[in-house]
Structure formats: C-alpha cells, structure tokens
Amino acid sequence: MTFLELILDPLSHEFMVRALAVISVSSAVSALLSCWLVLVGWSLMGDAVSHAVLPGVVLAYILGLPFAVGAVAFALGAVVLVAAVRATGRTKEDAAIGIVFTTLFALGLVLVSVTPSQTDLMHVVFGNVLGVSRAELVQVAALAVVVMIVALTRRHDLTAFAFDPVQLRVLGRSPGRVGALLLVLLALTAVTAIQSVGVVLVVAMLVIPGATAHLLSDRLARMLVVAPAVAVACGVVGVYVSYYADLATGATVVLAQGLAYLLAVLLAPGRGVLARARRWARTAA
C-alpha cells in the first residue's frame, strides 16, 4: 500500500471523516483555551468542569434534549458550586475543586447505572469519536466557533487577567468578570472535547497543548498559533494510528499530544533538555 493509499483509505468511510472533523475542531478550540489556562494556573479547574458534565448528559438524555444542553448547564453549575464552596472561607480552592468534581462525577455514574437506555451513555466517560453523528458534529462546531470568536475578541483582557489583573482595574475592567468569562469558555470547550475523547481525557486536551506551546515560546500570540497547530496535528495522527492499529481513538490522540510535549521538553530551543546539555558542555569545556 502506497503512502497516498494509507492517507485516502480511511477517508472512504464517512465515520472516519466525521471523526477527523470533530477531533480537529475540538483539539483546536481546546488548545486555544489551554494557553490561558496554563498561564493562569487553572488546570485543575478544567478537570473539575470536564468531570462535572456527566450528570448533565444523563439528565439531557432522560429529558430528550441534546447532550450539549445538559453538559453546558452542569459545567456552568460546577463553576458556580466551586465559587460557592470557596466563599465559605474555610476551604481552599484546590479542595473545593476536588469536592465538586468528584461529587458530580459520582452522581453522573450513579445516574448512568440506574437509567434504562438504548444508548451507551458510558461513551461520554471514555469517548466515542468514531460514533459521532452529524448532529453532534454540528453542535461541536457551533460551540467551538462561539468559543474561538469570544476568546480571540477578548484576548487582551484574558491575557491581562493571566499576567496582571491589576492592569485590568486600571483599564476600568473587572478581573472577576474576566475570570467568569474564562470559566464560561472553559465550560463550553469541555463540552466540545467530551464528544471526541470523553470525560476522563478532556483535561489532557485542555492542558497539554498549552504547556507544549509554552515550552516553545514565551509570546502568547505565538502560543495561540502553535498550540492549536500541534493539537490538530496530534489529533489527525492519533485518528490514523488508531484506525490502522485498532486502538482506542481518544486515548491514542492524547498519547500523541503527550509525545509532542515530550519532544518539546527535549528539543525546545533554549530551554529544552538538549539545549541545556549543550550549554553545560560548553561551560564545562
């Protein structure tokens, strides 16, 4: 089989075309937002929001609503709950996040176990990118477009919130509102990623691309290009490898992102392991 045949053969199947489309879209939007999440230090918040959507998905199924509706509602609800727990003043942020996401995730698993269903709701937990329907692809694309437009339009505020919230006050903007906006974007992004890799692996897509881009550049403008490019490339490679090797698609995509991060750790110009080793060798000589 030639290289061209290796590329074109999976595209002869409609489910593979949809899988590549949803992986590319969800990877791009997750990577874009991950740049700010890494800089702000909200990786755990991404974990909390992604796990909290499970009961929303099950309830949406019970009520006959699109899964995205229930997922968004519970993702935003998780953000409010974390803020409420923190407001007690006696629970630190990391503990509040752990309490909320584990409780809601457990609630989702209980609902899955007691809900009669002709649909395998566990695919929400572990991902089922090869089973994405046209309607689900449209939902993912619509949410991704909204997140990208808002994030890029408000990128200066989000950047100031990440680096210097005091500057926002000087400019007459509320850091609290900008933080709330970032949380809303996080909730919507988690919903798009769940369609491709499931609840368990969403946090990887919300962290690894931004961390990889941060190793390769200190400039946010460049990170916002590098992170989506790397994530989409890993997504496409992961889908193809899973197709030919008969592997779990979502997990393979995340493994590809992990390998990309490892390569950045080793080869990043100026700060990678090899670059530091060369500097040490020159100094020792």
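Visitor: Which residues are linked with Glu 14 in a network of salt bridges?

Guide: A salt bridge is a side-chain nitrogen of Lys or Arg within 4 Å of a carboxyl oxygen of Asp or Glu. Here Glu 14, Arg 18 and Arg 134 are joined in such a network. Before we go on, please note that this is a predicted model, in which local features need pLDDT of at least 70 and side-chain atom pairs count only at pLDDT 80 or more, while totals for chains, interfaces and linings use all residues. Residues are numbered from 1 along each chain as its sequence is written, and side-chain values use heavy atoms, with hydrogens and water left out.

Visitor: How far apart are the closest N and O atoms of Arg 134 and Glu 14, and where in the chain do the two residues lie?

Guide: Helices (H or I, at least four residues) and strands (E, at least two) are DSSP runs, numbered from the N terminus. The closest N and O atoms of Arg 134 and Glu 14 are 2.7 Å apart. Arg 134 belongs to helix H8 (residues 134-153) and Glu 14 to helix H2, so that the pair links distant parts of the chain, 120 residues apart.

Visitor: How many salt bridges does the structure hold, and which side chains does Asp 157 meet in them?

Guide: There are four salt bridges in the structure. Asp 157 meets Arg 154 at 2.9 Å, N to O, and Arg 173 at 3.2 Å, N to O. Because Arg 173 lies in the loop between helix H10 (165-170) and H11, and Asp 157 in helix H9 (residues 155-163), the latter pair ties together parts that are 16 residues apart in sequence. Asp 157 is buried, with a relative accessible area of 9%, whereas Arg 154 is partly exposed at 32% and Arg 173 is partly exposed at 39%.

Visitor: How many residues does the largest nonpolar core have?

Guide: A nonpolar core is a set of buried Ala, Val, Leu, Ile, Met, Phe, Trp, Tyr and Cys residues joined through side-chain atoms within 4.5 Å. The largest one here has 70 residues, and those with the most contacts inside it are Trp 36, Met 45, Val 49, Leu 182 and Leu 186. Helix H11 (residues 175-205) supplies the largest share of this core, 17 residues. Another core lies apart from it, with 12 residues, including Met 16 and Val 239.

Visitor: Which residues is Leu 182 in contact with, leaving aside its neighbours within four places in sequence?

Guide: Contact means heavy atoms within 4.5 Å. With those neighbours left aside, Leu 182 is in contact with Leu 33, Trp 36, Leu 37, Val 40, Trp 42, Leu 158 and Phe 161. A further example is Thr 212 in helix H12 (residues 208-216). Thr 212 is buried, at 3%, and touches Val 230, Ala 260, Tyr 261 and Ala 264, not counting residues up to four places away in sequence.

Visitor: Which residues form a nonpolar patch on the surface?

Guide: Patches are made of residues with over 30% relative accessible area and no salt bridge; like charges are joined within 9 Å, and nonpolar side chains (Val, Leu, Ile, Met, Phe, Trp, Tyr) within 5 Å. Accessible areas come from the Shrake-Rupley method with a 1.4 Å probe, and for residues only the protein chains shown count as cover. The patch consists of Phe 3, Leu 4, Leu 6, Ile 7, Leu 8, Leu 11, Val 17 and Tyr 244, with about 730 Å² of accessible area together. Helix H1 (residues 3-8) gives the most to it, with five residues. Leu 11, in the loop between H1 and helix H2 (14-40), is partly exposed at 37%.

Key
Buried < 20%, exposed > 50% of the residue type's maximum accessible area, 1.4 Å probe, protein only.
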